[in-house]
Amino acid sequence: SLHEHLGTEPWDVITVQQNSMHSSDVTTYRPYAPKLVAHLRSVRPGAEVVLHQTWAYRVDADKFGLIAPKQNAANQREMHDRSRAAYWEIATELGLRVIPTGDAMWRVDSDATWGFRRDPIFDPKTAAHPALPDQTHSLHVGYRWSAEKKLNKDANHANAAGEYLGALVWYGFLFNESPEKLAYVAPGVDAAFAAHLRKVAWQIVQETEPANAKVARAR
């Protein structure tokens, strides 16, 4: 239960987020988000409740998040924009700071140099094991072969690079320190790409600070 997870120890920060598939439809946050936040504040009044902003799916996803009942976003950009707007609407309404992981993911994904691009040669319908497309700079799991040699695609969840970027954003947000100084690089992440992710994470945290300070003052 929620009470079991919270335990009896004091908490400094408690994070909440929307399911990514519903994150682009702000109506799905209510009345649940206000009720959940109110409950958390009542049982752990000394903790700060913050919103963790989820991210848009990879550009080659088969479908994107819902923007209305039975209506999905048309593409990655629309999912990001609608999701971001929803998170900030709820954050402003409830006086919550936002961990801007979704903004960091989008900043990298949409970059002309560092963003993931579809492999124009790869055809998943005719691909034979163990062939995979070029997935350089992907922040999502993407294509992979199962133990049964079945080709799968996960365009929603973060891979090692995406998890690394998310962790960098959390670090910058929670400690108000630049992650650019960190020496750790997640296994499998190219050193140059990792350096770019550290830079982007801190840029996004700094850019979000004025908005976070504003909602914090209104709390």
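The buried residues of helix H3 (residues 76-94) are covered by elements that include helix H2 (32-43), S2, S5, H4, S6 and H6, where helices (H or I, at least four residues) and strands (E, at least two) are DSSP runs numbered from the N terminus. Covering of this kind rests on contact, which means heavy atoms within 4.5 Å. The model is a predicted one, in which local features need pLDDT of at least 70 and side-chain atom pairs count only at pLDDT 80 or more, while totals for chains, interfaces and linings use all residues. Residues are numbered from 1 along each chain as its sequence is written, and side-chain values use heavy atoms, with hydrogens and water left out.

**Helix H3**

- The buried residues of H3 are Gln76, Met79, His80, Ser83, Ala86, Tyr87, Trp88, Ile90, Ala91 and Leu94; buried means under 20% relative accessible area, exposed over 50%, and partly exposed in between, with a 1.4 Å probe and protein chains only.
- The 19 residues of H3 should span 27 Å at 1.5 Å a residue, and this agrees with the end C-alpha atoms, which are 27 Å apart; the expected span is 1.5 Å times one less than the number of residues.
- At the start of H3, a side-chain oxygen of Asn75 comes within 3.2 Å of the backbone nitrogen of Arg77, and after the helix comes Gly95, with a positive phi near 70°.
- Gln76, which lies in H3, counts as buried because its relative accessibility is 9%.
- The side chain of Gln76 makes a polar contact of 3.1 Å with the side chain of Asp109; a polar contact is a pair of N or O atoms within 3.5 Å, of which, within protein, one must be able to donate a hydrogen and the other to accept it, and residues adjacent in sequence count only if both atoms are side-chain atoms.
- Beyond its neighbours within four places in sequence, Gln76 is in contact with residues including Tyr57, Phe64, Trp106 and His140.

- H3 packs with helix H6 (residues 191-218) at an angle of about 35°, their axes being 9 Å apart; axes are lines fitted to C-alpha atoms, for helices over the stretch in contact, and angles run from 0 to 180 degrees between N-to-C directions.
- On the H3 side the contact is made by Trp88, Ala91 and Thr92, and on the H6 side by Thr208, Ala211, Asn212 and Val215.
- The residues of this contact divide into four nonpolar, three polar and no charged, where Ala, Val, Leu, Ile, Met, Phe, Trp, Tyr, Cys and Pro count as nonpolar, Asp, Glu, Lys and Arg as charged, and the others, Gly among them, as polar.
- H3 also lies across S2 and S5, running at about 165° to S2.

**Strands**

- Three strands form an open sheet in the order S1-S2-S5 with parallel pairing; two strands pair if DSSP finds at least two bridges between them.
- Strand S1 (13-16) and strand S5 (98-99) are the edge strands, each pairing on one side only.
- Four bridges join S1 to strand S2 (residues 48-52), and Thr15 has Val50 in S2 as its bridge partner.
- Strand S6 (residues 140-145) pairs with S7 in the antiparallel sense over five bridges, with Gly142 standing opposite Asp154 in S7.
- Five residues lie between the strands in the hairpin of S6 and S7, where Lys149 takes a positive phi near 65°.
- Val141 is found in S6 and is partly exposed, with a relative accessible area of 21%.

**Helix H5**

- The 16 residues of helix H5 (residues 160-175) should span 22 Å at 1.5 Å a residue, which agrees with the 22 Å between its end C-alpha atoms.
- Asn159 caps the N-terminal end of H5 through a side-chain oxygen 3.0 Å from the backbone nitrogen of Ala161.
- Among the buried residues of H5 are Tyr164, Leu168, Tyr171 and Phe173, and what covers the buried residues of this helix includes S2, S5, helix H4 (101-109), strand S7 (151-158) and H6.

**Backbone features in loops**

- Most residues other than glycine have a negative phi, and most peptide bonds are trans.
- A cis peptide bond with omega of about 5° joins Arg30 and Pro31, the latter placed in the loop between S1 and H2.
- The peptide bond from His129 to Pro130 is also cis, with omega near 10°, and Pro130 is placed in the loop between H4 and S6.
- Asn176, in the loop between H5 and H6, has a positive phi near 50° and counts as exposed at 60% relative accessibility.
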